[in-house]
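Q: Could you walk me through how some of the helices pack in this one?
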Amino acid sequence: MAEVLEDYAVVVGVSHYQKLEFLKGPESDARNFHDWLVDDAGGKLPEANSHLVLSSEKPFVPIQEHIDEKFGAIIERLQAEERKGRRLYFYFSGHGFGLTWDDTALALPKWTEFWRNFALSTSTYLKEIIHSGLFQEVFFFLDCCRNRKVGVNGAGPSFGFAAAADDAGSCAAYCFSASEFHNKAFEAVMQPASGSLSDDKQTRGLFSETLMAGLKGAAAVGGKITADTLKDHIERTLPELAQKHNKMQNGSFAFHGGGGECVIVDGLPQTDIGLVITFSQTNRTVVLKDGKLNPIGEKETSEGKWSLKLPKGLYIISYKEGSVGSAMIELDGMENLLSFNF
Amino acid sequence: MEINNEKFVLNFTVKGMLKEFVRLQLFDCDGTLLLTDYEKISLRLEKGLYKLHIFSNEKLEQLSIVLDRDYHKVWKNKGTYSVIDNDFLPSNHGYYADRSRYWSIHPTVELPKAVGSYYDDDERSSVFIFFRYPSKGTKEQQRSVAQSMGWRFSLLDSLGKLIFSLKEGFIREDKQEGWMAFHAVLSPGIYFLVYNGNGGNTREIPLYVFPGWQTQLLMMFKRTPIFQTTRIQLVRPGYDGNFVQQDNLELDTLMRNMQNGNYYIPSYLIDKMASNKWDNPMLGIVVCYAYLLGNDRKWDDLFRTVIRNLQERILGDDSAPDLQVIRLLAASHFNEVLPRMELREPCMLMAGMRAVLRLSIEAEDKVFIGGLAEKIVQYMQNDMEWTSYLPLDNHLVSEGPDAIRYLNYYARPPRIDFMTPDEMGFSTGLEYLDRDFGLPPQGEKFDLKKDWISQSIVQQLSSEIANQISLTDLAYQYRISPAMVAKRIRQLRDLQRSDSNQFSAQMDIDSNSQQLRILGDNLVSILKGSNDNRRFNGS
């Protein structure tokens, strides 16, 4: 019987910085990601496999060693037990700097204009993790800015391997970044609408907000979330969410050694989203059609409202009499209840 | 469920200015991304609902499409917010455009009579600076701001000496409407606009003046300057702003794309390069950068001609830092032998600074960065595509002789020409290595305790596993030139040799520690390694 390989994670949220602006989102964003990882409906990781690192001041931590120790704990455990893992997740929320198109410096709390090296290089961490040969898949989720600053370096990991493992080349790596190279990522106060997946009014990273909604089902197609469906979800919803906050933000994605069909979560039940349509006109008949323009049903507007449960997707509502006056309704999975006035 | 395989044509076309830069993303009803393209989408798709993202000038517009018949849509790009006075832009108003055009033609600094007779109007080169609020309404909200917009700004010459403070007598300003203009006839060469704001909010922007051209810097204010809105353009004296409107918009878009690592040049801009139409040669400079930094080889012959024309026939000056770097990049792009050169003054475009830093590492025996260009590298700011940096202390002058120097500066331009190391008497470009290894001495001293590069070097070389690191490795890592690394290593090594106690105190390392011994060994071996490898001797 084939060995069942486990997944592991290092999750870092850095809000406190010695000189950079305090960030309100990373702690709750990191906690949310960690909670999803260990949720039976999410990443399904045993609690012990997911390491959460949060920042604090006096002293300003974490430093690199604190984060490397978490990687070390995972790697040393696998080595000691002569086992391999299936997947390693690395999530970071905090300040960051773009180094190259495929390398980002993740700023740690002690980072200042002078202490420019207090940052982690994502590409060298990724390379070393791949060299370990211990994982089949590595997922990096990076919610930080990628604008450049001269002379900023990311440090490589303190751990290393004398030589790349024989099967290191078979590892697939997926890197999801909050912004394009040279660009900023933002956080904002989320104002939850009724039925929002965010159950409280909190500041969150825009990328993390869309990422979490995606992982909780908004990115699922046929019950599966793959690297591609998650990428498409973020490409579509992140700019829209940013626009609501008067920002411009596009995600950036780099897949190496593996296809976008790699399944992140499978077997998700199709959760229909509540839709309540209220009518502004009376004595009319409306028709609702799905994304393939197949009719779903009709309703008399004199009834005042129409409550439905529908899968996520695009819908169109129009008056039965003539084509004038139609509206597109999008159930994007970011909320589990949508009110719509027609 | 009804099975539906009907297919229809979906044609979406962008019209209007800068249509070539409008990015389109089409999603199906399940949220799957079907296509990303620029300017136009033409597909045959199944009947259904689709969603289109239209990205134009850092704005997102969404369009829902019901595809139940063939769909043809022409979408007009509505333009862009820009500091440049293009009339149709929503952020611009006639009164700013009128004022900027008027004062770009009329000097705000009286031209000394002695100078006026030397030059015909169309031969004059000048600097024009125009600050304004985003709109009159924004200015009205800032009524309490009483200071002049020129407050804390000064213009320095190539030697870092103050020529003008931007204050009454040298500027024209309307505090009600919220604009300020400065226009002075100046000899060709490099100048520096310095802002010495409160609380360390300082900035310096290099401006190169070409013979017979006006260098224009335009920037918006909202109580204080918004440096990210800076635009720099080159126009003929007495130009009609309408001629360069299109150029400005293309320039804005190319610059923004370059900031995103996108070196895409639409074909009509290539045609424009071929036709040699130059209302604003800054567009030509930026297009050259974009082409030479990209991977396209199709237009190499055209760009050889464009670069030659740009420096010889159009701008009439091949010593400008940007043109030097473009020549260097061209040699690299065309796979030719790189010329030996030293860049001593900063480029106006960050793309040039980044390129020369990269080439100084890749071709360390050919490409050098010295003078002011070297000094400012560690202070460069990356929030815009124009080069800007925190001014050196000796550039933060608050008062000076103002226009007293003007006549002298105009009549006897204090230019430093840009020379190759050979021309400057550097036989090898080895000034950063030392006599222990048969090399010339180093003059400049750094405050090791405050210099982040020195501290980073110490941090890195204090590890035993660092003994294989080379100067080039460190230069790559810090994104500075090998010379800048070597100068600091040498100073560190000299201090350790001459006064180990002071060295350990400055570096915060125990004087008897193993770490200090490792650091000392690594400092020596990295210099020796560089010399042994003859990596910096030009051989």
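Predicted model: local features only at pLDDT ≥ 70, side-chain atom pairs only at ≥ 80, totals over all residues.

Q: Okay, at what angle do α1 and α4 of chain A pack?
A: Helix α1 of chain A, residues 26-38, and helix α4 of chain A, residues 206-218, pack at an angle of about 15 degrees, and their axes are 10 Å apart. Because angles under 35 degrees count as roughly parallel, α1(A) and α4(A) are described as roughly parallel to each other.

Q: And is the crossing of α1(A) and α4(A) left-handed or right-handed?
A: The crossing of α1(A) and α4(A) is left-handed. On the α1(A) side the contact is made by A:Asp29, A:Asn32, A:Phe33 and A:Trp36, while α4(A) brings A:Ser208, A:Met212, A:Leu215 and A:Lys216.

Q: How many of those are nonpolar, polar or charged?
A: Sorted by class, the contact of α1(A) with α4(A) has four nonpolar residues, two polar ones and two charged ones.

Q: Switching to chain B, how do α13 and α14 cross?
A: Helix α13 of chain B, residues 471-478, and helix α14 of chain B, residues 482-498, cross at roughly 115 degrees, with axes that come within 8 Å. The two helices, α13(B) and α14(B), are therefore roughly perpendicular to each other, and α13(B) passes α14(B) in a right-handed crossing.

Q: Which residues make that contact?
A: From α13(B) they are B:Leu471, B:Thr472, B:Leu474, B:Ala475 and B:Tyr478, and from α14(B) they are B:Pro482, B:Val485 and B:Ala486. By class, the contact of α13(B) with α14(B) has seven nonpolar residues and one polar residue, with no charged residues.

Technical notes
Residues numbered from 1 in each chain as written. Chains lettered and ligands numbered in written order. Axes fitted to C-alpha atoms, helices over the stretch in contact; angles between N-to-C directions. Helix = DSSP H or I, 4+ residues; strand = E, 2+ residues; numbered from the N terminus. Parallel < 35°, antiparallel > 145°, perpendicular 65-115°, else oblique. Left-handed = near helix turned anticlockwise from the far one by under 90°. Contact = placed C-beta atoms within 7 Å. Nonpolar A, V, L, I, M, F, W, Y, C, P; charged D, E, K, R; others polar.
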